[in-house]
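This report describes the fold of a single chain, moving from its overall dimensions to its strands and then to a few individual residues.

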Amino acid sequence: MTDTTIEKIKCLIIGSGPAGYTAAIYAARADMNPVLYTGMEPGGQLTTTTEVDNFPGYPDGIDGPTMMIHLQKQAERFGTQVRIGMATAVEFSREKGGWHKVIIDSNKEVHAHTIIIATGATAKYLGLPSEQRLRGGGVSACAVCDGFFYRGQDVAIVGAGDTAAEEATYLANICKSVTMLVRKDYMRASKAMQHRVENTPNLKVLYNTEVEEVLGDQVVEGLKMVNNQTQEKSEIKITGLFIAIGHKPNTDIFKGQLDMDDTGYLITIGKTAKTNLPGVFACGDVQDKEYRQAITAAGSGCMAALDAERYLNTLESH
């Protein structure tokens with residue numbers, strides 16, 4: 001530890017997406033003086049989204065990064081301290097009213113009576129050696145971030161859910177052609193998103209298809225694919241490969257202390273944001289693998305702050 005001073009606070013929020021910022025707004029308005037650490041991706045996953053059309057209150061839509069700036073400013077207006085930094089270790093108390101210890105950036109120690117975890121989730125990759133070798137050389141997990149570089153080119157995207165469908169149609173607007181690889185014989189995306197895919201002329205879907213190898217030395221030059229039903233192999237020439245196959249919850253530092261399911265999502269009790277430890281709450285995509293929407297994350301952030309406020313009130317009454 002390089003910083004010997006220990007800061008003691010009422011409410012520490014870890015993470016800065018819609019869940020974290022909404023928790024901060026409610027906590028600040030309840031005079032909990034929250035401190036929020038942004039983590040590695042300030043603003044969370046929504047900063048990689050161009051148009052957010054389904055968040056209530058924006059009739060013309062809004063882009064993700066702008067929306068996150070609005071949420072941050074709103075949280076700060078009520079007194080939230082927003083700090084750049086990442087929680088690197090935790091030591092939670094098991095006693096009601098105990099201090100929870102969090103290490104920030106491996107060198108600063110913070111003790112808090114309540115912790116709100118809003119660390120979200122991170123994109124998954126296929127795990128192929130050729131894919132990992134070419135990350136940054138044409139392999140990306142964010143079409144919205146990197147699609148611009150492939151304007152007018154041929155690209156492919158792997159995935160079958162709403163995110164994959166959304167990114168595929170986004171790419172189709174700027175790329176010459178898009179090939180969508182779906183591992184099963186159907187898409188998991190909502191009907192609305194499936195219709196959008198089907199009605200995009202330069203977007204082709206290959207079902208029962210998996211990536212065998214990403215071709216290219218320094219940059220992506222093509223794909224080797226296999227049909228998992230017929231075992232027939234094929235190749236296409238592309239310059240960009242986008243992976244949209246889901247996310248892993250950012251919960252590694254909580255293992256062994258907080259209850260989580262077999263994929264690492266934090267388990268909250270009933271219809272609350274409470275974890276198995278007193279004073280520790282979880283909200284947003286770190287505990288929600290069903291809906292994973294900005295609006296549900298924001299709603300659960302509100303719940304976490306209200307639960308934390310009630311918890312603090314029980315401490316003060318004692």
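The paragraphs below treat the chain as a whole, then the pairing of its strands, and finally selected positions in loops and a helix.

**The chain as a whole**

The coordinates are those of a predicted model. Seven helices and 19 strands make up the secondary structure of the chain. Its radius of gyration is 22 Å, which agrees with the value near 20 Å that a compact globule of 318 residues would have. Taken along the principal axes, the box filled by the C-alpha atoms is roughly 70 × 40 × 35 Å.

Of the 318 residues, 48% are buried, and the chain exposes about 15700 Å², of which carbon and sulfur atoms supply 50%. When contacts between residues at least 6 apart in sequence are considered, 59% of them join residues that are at least 24 apart. The charged side chains comprise 31 positive and 38 negative ones, and the centres of these two sets lie 2 Å apart.

**Strand β8 and its partners**

Strand β8 covers residues 108–117, and nine of its ten residues are buried, so the rest of the structure largely encloses this strand. With strand β1, residues 6–14, β8 pairs in the parallel sense over eight bridges, and within this pairing I14 stands opposite I117 of β8. Strand β19, residues 280–282, also runs parallel to β8 and is joined to it by three bridges; here the bridge partner of I117 is A282.

The pairing of β8 with strand β7, residues 100–104, is antiparallel and extends over five bridges, with H100 standing opposite A112 of β8. These two strands form a hairpin with three residues between them, and D105 in the turn has a positive phi of about 50°.

**The open parallel sheet**

Five strands are arranged in an open sheet in the order β10-β17-β11-β12-β13, and their pairing is parallel. The edges of this sheet are formed by β10 (139–140) and β13 (203–206), each of which pairs on one side only.

Within the sheet, strand β11 (residues 154–158) runs parallel to strand β12 (residues 177–181), and five bridges join the two. The bridge partner of A156 in β12 is T179, while that of I157 is M180. In a regular strand the side chains alternate between the two faces of the sheet. Four of the five residues of β11 are buried, so β11 is largely enclosed by the rest of the structure.

**Positions in loops and in a helix**

Because its relative accessibility is 16%, below the 20% under which a residue is called buried, N208 counts as buried.

D31, which is likewise a residue other than glycine, has a positive phi near 60°. The loop that holds D31 runs between α1 (18–29) and β2 (35–37), and with a relative accessibility of 55%, over the 50% cut-off, D31 counts as exposed.

T230 is found in the loop between β15 (222–227) and β16 (233–237), and its relative accessibility of 53% makes it count as exposed. T163, by contrast, has its place in helix α5, residues 162–174, and is partly exposed, with a relative accessible area of 37%.

| Pair | Separation in sequence | C-alpha distance |
|---|---|---|
| T230 and T22 | 208 residues | 49 Å |
| T163 and S190 | 27 residues | 10 Å |

Conventions: Residues are numbered from 1 along each chain as its sequence is written. This is a predicted model: local features need pLDDT of at least 70, side-chain atom pairs count only at pLDDT 80 or more; totals for chains, interfaces and linings use all residues. Side-chain values use heavy atoms; hydrogens and water are left out. The radius of gyration is taken over C-alpha atoms; the globule rule is 2.2 Å times the number of residues to the power 0.38. Buried means under 20% relative accessible area, exposed over 50%, partly exposed in between (1.4 Å probe, protein chains only). Contact means heavy atoms within 4.5 Å. Accessible areas come from the Shrake-Rupley method with a 1.4 Å probe; for residues, only the protein chains shown count as cover. Lys and Arg count as positive and Asp and Glu as negative; His and the chain ends are not counted. The place of a charge is taken as NZ of Lys, CZ of Arg, CG of Asp or CD of Glu. Two strands pair if DSSP finds at least two bridges between them.
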